Amino acid sequence: SEDELVEIMGYMEEQEDQRSKDLFGAARGKNVILITAESVQNFVINNTVNGEEVTPFLNELIKDSFYFEEFYHQTAQGKTSDSEFLISNSLYPLPRGAVFFTHASNEYYALPEIMKENGYYTASLHANNGSFWNRNVMYDQLGYDRFYDINDYEITNEVGWGLKDIDFMEQSLEHLVNMEQPFYTNLITLTNHFPFDLDEEDHFIDPFNSNSRTLNQYFPTVRYTDEAIKVFFEGLKDAGLYEDSIVVIFGDHYGISSFHNRAMEQYLEKDVTPFVEVQLQQVPLIIHIPGMEGETLSTVSGQIDLRPTLLHLLGITVENQTIFGKNLFSEELEELVILRDGSFITPEVIYTNNVCYDKRNGLPMEEIQLCEHYFEEVDRQLSYSDRIIYGDLLRFEQSVTADDEEIVEDGPAPK
Ligand code: GP9
Ligand code: MN
């Protein structure tokens, strides 16, 4: 009967609440190691090319991790720096230009700063020029204690702009070993960057075979980064840091643009419609907490959600903050992910280019209301976020929230 279902659903909700509560502080006090996996898209996970796994290490790691299988990048022209902005601030990047360049002197209340307030040493590690994306300026605003840039690495093995990922991981480990604990760090990889050039000797798998040299070469470079992450985990264990750390791996943005849709169709063996193109904006999110059981979550989620999710796991509550992301373990989660171009995704629909697609079959829907319902919310979030950045509004954050508290004090006493 209906009552039975109500009872069962009530039970499920309870379970969920309990899980969220149990996870609060599950990683309290641990070192936090983010790995920004350059250009790694989600379609390579648990996938093969010429019969060989593209990401054998990550595929194994996922079994012992929280793996969000429908997690979207929300970056725009600021590429990697936009991903850093999303994760640090849980705000949207700008529709044009890179906020790291255009608004680097704004007031922010960013994740590194919050971690610092909670007793963490904070650092970003990236073997490229410190001025790339204006990082050396913006990082001060975000609250990093230290930026390990190209000058902190011995250039043993170069590709493109920087050190190859395996060397980068080995040398980064030395920095971590000498770091004050607990630390919050972001390791930004580089080898898997367009145009995906890599010496033959570093190829663990063969390229794909299509008329897109870019897509063909993408597979061996992703495979190389997967190997670098494996090397990192082994090093972490050897150094005795593994048990005291959590590792969060995520893709920063797409690597294969729509110019390569034809080759992509050949690889995926299906048409790349606008519906599929939005899904190709999925990047992996893997949260590995040593000793915890793995779980694959189908929650519709995005980079903007990482900060509150991470803080939940660390058991850190932030009082005065202006963010758009949501704790992905929350019991009241409304699953809505907004991409920077105004496309959006829910468990039921994908809206892009003025078409509302039904997720069950990938076809345009007759009932546009299912999408229309979200238009206001999507506009509001993007425009509020833009206004915060353009108006440097976070400089008022502490005084506005202090005013709020006064109002509460003047009001009726809480029961
Ligand atoms: C540059 C690296 C790559 O330092 O983060 O930048 P991208 O081109 O991906 O934004
Ligand atoms: Mn990038």
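Reader: How much of the 415 residues of the chain counts as buried?

Author: A residue is called buried under 20% relative accessible area, exposed over 50% and partly exposed in between, with a 1.4 Å probe and protein chains only; by that rule 57% of the 415 residues of the chain are buried. This is a predicted model, in which local features need pLDDT of at least 70 and side-chain atom pairs count only at pLDDT 80 or more, while totals for chains, interfaces and linings use all residues. Residues are numbered from 1 along each chain as its sequence is written, chains are lettered from A and ligands numbered from 1 in the order in which they are written, and side-chain values use heavy atoms, with hydrogens and water left out.

Reader: What radius of gyration does the chain have?

Author: The radius is taken over C-alpha atoms, and the globule rule is 2.2 Å times the number of residues to the power 0.38. The chain has 22 Å, which agrees with the value near 22 Å for a compact globule of 415 residues, and its C-alpha trace spans about 70 × 55 × 45 Å along the principal axes.

Reader: In what order do the five strands of the open sheet lie?

Author: Strands of a sheet pair through backbone hydrogen bonds, either parallel or antiparallel. Helices (H or I, at least four residues) and strands (E, at least two) are DSSP runs, numbered from the N terminus, and two strands pair if DSSP finds at least two bridges between them. Here the order is E15-E16-E17-E18-E19, with antiparallel pairing; strand E15 (337–338) and strand E19 (363–364) are the edges, each pairing on one side only.

Reader: How many bridges join strand E17 to strand E18?

Author: Four bridges join E17 (residues 349–352) to E18 (residues 355–358), and Ile350 has Tyr357 in E18 as its bridge partner.
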